[in-house]
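Let us work through a structure together, one feature at a time, with the general idea stated before the particular case.

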Amino acid sequence: MEKTNFIDYIRVYCKSGHGGAGSRHFARTKFNAKAGPDGGDGGRGGHIILRGNAQLWTLLHLRYYKNVIASDGEGGDKNLCSGADGQDIIIEVPLGTVAFDEETGEKEIEILQDGQQEIWLKGGRGGLGNKNFATATNQAPEYAQPGEEGVEGWKYLELKVLADVGLVGFPNAGKSTLLSVITAAKPKIADYAFTTITPQLGMVHYRDNRSFCIADLPGIIEGAAEGKGLGHRFLRHIERNSILLFLIPADSNDHRKEFDILLNELEEYNPEMLQKDFVIAISKSDMLDDELKAAISAEMPTEYPLVFISSVLQQGLTELKDLLWQTLNAGK
């Protein structure tokens, strides 16, 4: 996957900085050889921080980030001088990025807003100098704290595409063709299965300078939730879409069965997918007459909006855009 233009998974070794040690120092002045403890505190270790950047769409810029190591904090010094903090490392990521710990699989951070900044790995706290331990009964403490160790381990970042509409369908359903017609995106189009092997994004320009984002996701086949075909690697992108547009070709042998298989794969992967808004589009409908359209409409579920389109002849696309826009803004 690293050789493709869309990188949605990055594995990296991270290590935050160690805290600096506190100083164990005693003041010596010309007039007072035992002026007391004056050891300063150590600086904290550098954090590793994730920051959202709306101008990024993939994790491609991180493909060579194999090791991310923040600097250590400096030790404290005499005259109550604190050590400098270690330099933080800020990793900019696209919106929709989720950070995980590889060993536990636990989700640690989710970046959803531009400029959102979250500490991923905290730097170690700096140790206290001996001045902090001076008391009335212990006026010359001979000890100071060492700095705390940083955090290290293998982590990974996953990108779940943030798009308003996600195209869902079997391979060769016409998803890439539709995307190329209603947006400026240039996905690969061919007459064989799995021509789309990475997510493709495009902006649909609507009336009055309004627009919405649509994502062409790799084709789903029966058993995708168990890893067949391209597996569930790309099913995660569908989780971020407000609307799922099911694209079923007019030349399908069984339109309802194809829809039910797609629906079942989404449910197997994540039952919460069924809470999204669904729209069904019958692609390649230029090969259908009114009688066949009526027959297909009768067999499809009535609770979801249905539209017939032809990307090649650009038929029904305005109706489709209207339907998607209305569905996107139905609750607003």
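Q: Before looking at details, what are the helix and strand counts of the chain?
A: Keep in mind that this is a predicted model. The chain has 5 helices and 16 strands, and buried residues make up 48% of its 332 residues. Of the contacts with a separation of 6 or more, 73% are accounted for by residues 24 or more positions apart. The chain exposes about 17,000 Å², of which carbon and sulfur atoms supply 46%.

Q: Where do F259 and Y304 lie in the chain?
A: F259 lies in helix 3 (residues 255-269), while Y304 is in the loop between helix 4 (290-299) and strand 16 (306-308), so the pair ties together parts that are 45 residues apart in sequence. F259, at 1% relative accessibility, counts as buried, whereas Y304, at 21%, counts as partly exposed, because the cut-off for buried is under 20%. Together with F246 and F278, F259 and Y304 form one aromatic cluster.

Q: Which ring does the charged end of R11 sit over?
A: The charged end of R11 sits over the ring of W154, at 3.9 Å from the centre of that ring.

Q: How do the axes of helix 1 and helix 5 cross?
A: The axes of helix 1 (residues 175-182) and helix 5 (residues 317-328) come within 12 Å and cross at roughly 90 degrees, which means that helix 1 is roughly perpendicular to helix 5. Where the two helices meet, L178, V181 and I182 in helix 1 face L317, L320 and K321 in helix 5 as contact partners.

Q: Is L324 buried or exposed, and which residues does L324 touch?
A: L324 has its place in helix 5 and, at 1% relative accessibility, counts as buried. Leaving aside residues up to four places away in sequence, L324 touches V165, F212, I243, L245 and V279. The C-alpha atoms of L324 and L244 are separated by 9.6 Å, although the two residues are 80 residues apart along the chain.

Technical notes: Residues numbered from 1 in each chain as written. Predicted model: local features only at pLDDT ≥ 70, side-chain atom pairs only at ≥ 80, totals over all residues. Heavy atoms only, no water. Helix = DSSP H or I, 4+ residues; strand = E, 2+ residues; numbered from the N terminus. Buried < 20%, exposed > 50% of the residue type's maximum accessible area, 1.4 Å probe, protein only. Contact = heavy atoms within 4.5 Å. Areas by Shrake-Rupley, 256 points an atom, 1.4 Å probe, with all protein chains shown as cover. Phe/Tyr/Trp six-rings, centres within 6.5 Å; stacked < 30°, edge-to-face > 60°. Lys NZ or Arg CZ within 6 Å of the ring centre and 35° of its normal. Axes fitted to C-alpha atoms, helices over the stretch in contact; angles between N-to-C directions. Parallel < 35°, antiparallel > 145°, perpendicular 65-115°, else oblique.
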